Structure formats: C-alpha cells, structure tokens
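Here are my notes on the model you sent.

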Amino acid sequence: MKWAERELGGGLTLHRWRSVDPVSPYLFAFAAGRFPRKTIETPQGTLHYRNATGAPADLASLFAETPAMVAFFADRAGMDLPRGGYTQLLVPGREAQETMSFSLIGRGELDRETDEPEAAWVIAHELAHQWWGNRVTTETWRDFWLNEGVAVFMTAAWKQERFGNTTYAKEIEILRGRRAQLIERGWDKPLAWSGDYPSLGYRRAVQYSKGALFLVELRAAIDEKAFWSGLRAYTRSFAGKTVVSRDFQKAMETASGSDLSAIFGEWVYGPAEA
Ligand SMILES: [Zn+2]
C-alpha cells in the first residue's frame, strides 16, 4: 500500500492509500486509532503488533509464536510475507478475521487458548490467509475451500511442526468427527458444490473441515515431497490471481507426476463432474 498524507488544518490530516496489487474486495479493511505497538523483524518480513483493546497487554508474549509460524508458512508457500509485512490487531472478545494486510485477533480467544496451546488456532489460521485466501484467492465462493480448507490444514501442519505427530493426528480426528456429522445428517457435499447451504455451520463443515481433511488425504496419497512442492508451485504461480479447483489439481498433478482425477472427483467435484 502506498500512502500519502496532507495536513488539512484544524488538527485534521487526510490519509490516502492505494492498492498496488489486486486484492479481493471482501478483504478491504482499515483500523484507525492510537494503538500501543510493537514491531518485530523476521527474515520473511516485518511483524507489527497493535493493541486496540484499551486494556494493557504484553504483545510480545501474546504473539510470541508468530515469527516461527511466519517462517514455517513462508517456507511451505515458497514466498515471504506478501508486501513485506503483516499486522496483528489485538481486539476485545472472540474476534478472528483476516483482511488484506492485517488480522483482528480477539483477546478472549487468546486467553481461552492459553491453557491449551496445542488447541490454539486463531493466530496460525489468520496468518495462513496472508498466502492462502488473500494472496491466492478463489474466483467465486464455490471454490472457497481453497481459502478456508487450506488455512485449516496449514494450521494443523503448523501444529505438527511445533508439537509433533500426535497433535497432528488429534487435529485430523476433529476434522473426521465433523465430516462424520455431515454424513450422518445427509449433507456430505463435494468441496466445489455450488448449491445453497442450510446454514453457515454446514458451509463451514464442508469448506473448512472437509476441505482440510481432503488435503490430509491428498498428502497421504502422494509423495510427501511432491505434496509440498505442488503447494509451493500453486501458491507462487497464482499469487495475485484468482483460482478454481482445477488450478490446484493441475499443480498437484504436475508435482506428483500422476493423474489425480479419481481423488479430486471423489472429494472436490462429486460423481457428476469426476
Ligand atoms: Zn479463515
């Protein structure tokens, strides 16, 4: 974002921002205020922490894991932080929302996670969107699993990196449980299903949980090295662009050297389009 500012007199300042690269409009957001701040330099970009709760907060300790997460995601994406930096805005409550250059992180959510670090997700999930969801974004809501399923999966992959295979297995169990509920209720739709969902809960169970579970299955089905090099190639080649499920499929097929139409047909497109 390039910016300029001009004093208007009377204590007013006019600020101007211009997006220098394409961004999906649902990610446009700004926060204005005088926020206590902390800045951390990492090899992958500058991290800004801001406190908008109005209450004291030890930003460095609340966000202590962020630099290691950034290093992990940047490696898996094959790209440093977009635009050289990322801001986490601490807000009251259980907020968790990504925007183009910063995320809202609810203090209440972090407090809840303090007692159980292995169950924590909010910092990792919203950070993952800097690459998957924001930098590479879906053409329509139909393929939204490529934003949310990947963010949920990358959060699980981060936990595996940080805490080990048992924690990763626990994450997978949670995802399988949500899928089982979908099946039980007769709502196990393909990931790229374009119909209406009866509620946000069903949409999330498909696009977030089943989406992440598909990536777990795909990772197990192809060579580990091929999986990550496919994800890197996909992320790098579609940075600043929109994607559909076929783009991801092609990148994974190229990386693995195999025809993946059966597994994509089963999970992503459904029987009619396989
Ligand atoms: Zn998300």
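**Notes on the fold and an aromatic cluster**

1. The protein has 10 helices and 9 strands. Keep in mind that this is a predicted model.

2. Overall dimensions come next. A compact globule of 274 residues would have a radius of gyration near 19 Å, and the protein has 19 Å, so the two agree. Along the principal axes, the C-alpha atoms fill a box of roughly 65 × 40 × 40 Å.

3. On burial and surface: 47% of the 274 residues count as buried. The accessible surface comes to about 13,600 Å². Carbon and sulfur atoms account for 52% of that surface.

4. How far apart in sequence are the residues that touch? Take the contacts between residues at least 6 apart in sequence: 60% of them join residues at least 24 apart.

5. On charge: the protein carries 33 positive and 34 negative side chains. The centres of the two sets lie 5 Å apart.

6. Now the aromatic side chains. The structure holds 24 aromatic pairs. One of them is formed by Phe 214 and Phe 264, and this pair is edge-to-face. The ring centres are 5.0 Å apart, with 85° between the planes. An angle over 60 degrees counts as edge-to-face.

7. Which parts of the chain does this pair tie together? Phe 214 lies in helix 7 (residues 200-221) and Phe 264 lies in helix 10 (residues 261-269), so the pair joins parts that are 50 residues apart in sequence.

8. Trp 267 has 7% relative accessibility, so Trp 267 counts as buried.

9. Which residues make up the aromatic cluster around these pairs? Trp 145, Phe 214, Tyr 234, Phe 238, Phe 248, Phe 264, Trp 267 and Tyr 269 form one cluster.

How values were computed:
Residues numbered from 1 in each chain as written. Predicted model: local features only at pLDDT ≥ 70, side-chain atom pairs only at ≥ 80, totals over all residues. Heavy atoms only, no water. Helix = DSSP H or I, 4+ residues; strand = E, 2+ residues; numbered from the N terminus. Rg over C-alpha atoms; globule rule 2.2 N^0.38 Å. Buried < 20%, exposed > 50% of the residue type's maximum accessible area, 1.4 Å probe, protein only. Contact = heavy atoms within 4.5 Å. Areas by Shrake-Rupley, 256 points an atom, 1.4 Å probe, with all protein chains shown as cover. Lys, Arg positive; Asp, Glu negative; His and termini not counted. Charge placed at Lys NZ, Arg CZ, Asp CG, Glu CD. Phe/Tyr/Trp six-rings, centres within 6.5 Å; stacked < 30°, edge-to-face > 60°.
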